[in-house]
Amino acid sequence: MSETINKTKLKTIDLVYIGLSAALIAVCAWIAIPLTVSVTLQTFAICLICGLLGWKRGVLAVIVYILLGMVGLPVFTGFKSGIAAITGPTGGYIVGFILTALIIGIAADKLGHKLWVNILFMTIGILVCYLFGTIWFMIAYKVTFLSALASCVIPFLLPDAVKIILAALLVNRLKRFIK
């Protein structure tokens with residue numbers, strides 16, 4: 001019985017990884033690379049964290065990050081925070097991070113850390129986030145799917161591809177150091 005309890009409880013190291021990962025996502029949200037649109041590194045952090053930590057710790061890190069923002073800490077892009085950031089027109093992308101984390105983390109846990117697996121499932125995770133966030137954006141702004149894609153997805157495809165490749169390479173190299 002106690003063996004089962006120990007397997008389901010989070011260990012101190014898990015809590016440290018989750019806390020540091022939530023902080024990394026916040027820092028990456030604040031880093032804006034000015035291209036034709038401003039690109040942040042949130043998705044890079046989520047891909048990296050979930051590839052390294054797996055689904056349980058990765059999803060928990062993303063949820064902690066979102067909860068920190070919801071209670072008022074300025075952890076979202078542009079130092080935003082609060083419920084309005086989540087319920088606003090682009091809040092679907094933030095909520096979609098949970099789905100992204102789940103997809104990448106499950107793939108990491110079940111399929112291992114081959115480079116092609118990392119790239120494939122990080123891409124699928126980001127695409128699911130795009131879909132979820134774009135539908136949310138369409139409802140909020142009452143725009144067509146193509147219009148939402150043009151403003152919310154297409155400008156980010158190339159930068160996100162670069163972030164996915166970098167995250168996958170780092171996961172491939174760093175996984176052996178993570179417990």
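Does Tyr 65 count as buried or exposed, and what is its relative accessibility?

Guide: The model shown here is predicted. In it, Tyr 65 has a relative accessibility of 1%, and because buried means under 20%, Tyr 65 counts as buried.

A search of the whole structure finds 4 aromatic pairs. One of them joins Tyr 65 to Phe 76: the ring centres are 5.4 Å apart and the planes stand at 85°, so this pair is edge-to-face. The reasoning rests on a cut-off, since planes over 60 degrees apart count as edge-to-face. The pair links distant parts of the chain, for Tyr 65 belongs to helix H3 (residues 42-70), while Phe 76 lies in the loop between H3 and helix H4 (83-87), 11 residues apart. Phe 76, at 2% relative accessibility, counts as buried.

Another pair is formed by Phe 132 and Trp 136, whose ring centres are 5.9 Å apart and whose planes meet at 55°, so the pair is tilted. These two residues both lie in helix H6 (residues 115-141), separated by 4 residues, about one turn of the helix. Phe 132 is partly exposed, with a relative accessible area of 31%, and Trp 136 counts as partly exposed at 25% relative accessibility.

Now to the empty spaces. Rolling a probe the size of a water molecule over the atoms shows where empty space is left. The search of the whole structure finds 1 cavity of 30 Å³ or more, and the volume of the largest cavity is about 30 Å³. Its lining includes Gly 51, Ile 104 and Phe 121. Helix H5 (91-111) and H6 each supply at least two residues of that lining. By class, the lining of the largest cavity has 5 nonpolar residues, 2 polar and no charged.

The largest pocket has a volume of about 710 Å³. It is lined by 28 residues, of which Gln 42, Thr 77, Thr 90, Tyr 93 and Phe 156 are the closest to its centre.

Methods:
Residues are numbered from 1 along each chain as its sequence is written. This is a predicted model: local features need pLDDT of at least 70, side-chain atom pairs count only at pLDDT 80 or more; totals for chains, interfaces and linings use all residues. Side-chain values use heavy atoms; hydrogens and water are left out. Rings of Phe, Tyr and Trp (its six-membered ring) pair if their centres lie within 6.5 Å; planes under 30 degrees apart count as stacked, over 60 as edge-to-face and the rest as tilted. Buried means under 20% relative accessible area, exposed over 50%, partly exposed in between (1.4 Å probe, protein chains only). On a 1 Å grid over the protein atoms alone, a cavity is a set of points where a 1.4 Å probe fits but cannot get out, and a pocket is an open set with protein on both sides within 12 Å along at least five of seven lines; lining residues have an atom within 4 Å of a point. Grid points are joined across faces, edges and corners, and a volume is the space filled by probe spheres set on the points. Ala, Val, Leu, Ile, Met, Phe, Trp, Tyr, Cys and Pro count as nonpolar, Asp, Glu, Lys and Arg as charged, and the others, Gly among them, as polar.
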